[in-house]
Amino acid sequence: MRDFSFVIEKHITGQGITGWKIAAAALALVDKPYHHQGRDPEQGLDCAGVLTATFSLLGVQLLERKPDYPPLPPEAYLRECLARNFQPVDRTQPEVGDILHLKFNRDRQARHLAIVVPGPFELQVVHALKRQRKVCLELLRGVLTNARIVGIHQWN
């Protein structure tokens with residue numbers, strides 16, 4: 001079991017949903033299984049499912065149409081989900097609790113979501129990866145060697 005106490009000890013008490021609360025909920029999903037179109041942490045999650053499950057842990061039901069997409073979700077589906085639930089942020093540097101819309105270098109569309117979480121020394125992301133068959137925790141800078149950010153969003 002991983003130790004994420006450095007997040008729990010940070011500003012997660014009090015009213016409202018903060019970036020730190022989003023990060024703590026996302027970290028609770030690390031190592032859950034991957035499942036295409038999955039929305040149940042015990043059965044498995046895809047990248048959109050990580051977002052849905054994170055907010056479910058915070059008591060929020062995201063507005064999302066029924067998942068029905070090919071192995072890689074279309075960019076339009078993810079944009080719609082983000083537009084219904086989050087505000088775009090006009091900055092270039094992600095912060096804890098931000099939702100990243102990513103385009104991997106090999107893809108033509110931005111088909112991936114990740115949640116920014118703190119690390120002991122630098123920012124990390126929680127996201128579901130089919131090739132790893134689980135929800136992963138990775139350094140943000142490592143992810144950005146193979147992907148670029150097309151949008152940064154935050155909870156209203």
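The model is predicted, so local features need pLDDT of at least 70 and side-chain atom pairs count only at pLDDT 80 or more, while totals for chains, interfaces and linings use all residues. Residues are numbered from 1 along each chain as its sequence is written, and side-chain values use heavy atoms, with hydrogens and water left out.

**The sheet**
- Strand 6 (residues 124–129) is joined to strand 7 by 6 bridges, and Leu129 stands opposite Lys134 in strand 7.

**The nonpolar cores**
- A nonpolar core is a set of buried (under 20% relative accessible area, 1.4 Å probe, protein chains only) Ala, Val, Leu, Ile, Met, Phe, Trp, Tyr and Cys residues joined through side-chain atoms within 4.5 Å.
- The largest nonpolar core has 31 residues, of which Leu51 and Val126 touch the most other members, and helix 3 (a DSSP run of H or I, at least four residues) gives the most to this core, with 6 residues.
- Leaving aside neighbours within four places in sequence, Leu51 is in contact (heavy atoms within 4.5 Å) with residues including Leu62, Phe86 and Ile115.
- A second, separate core of 11 residues includes Val89, Ala114, Leu140 and Val143.

Key. Two strands pair if DSSP finds at least two bridges between them. Helices (H or I, at least four residues) and strands (E, at least two) are DSSP runs, numbered from the N terminus. Buried means under 20% relative accessible area, exposed over 50%, partly exposed in between (1.4 Å probe, protein chains only).
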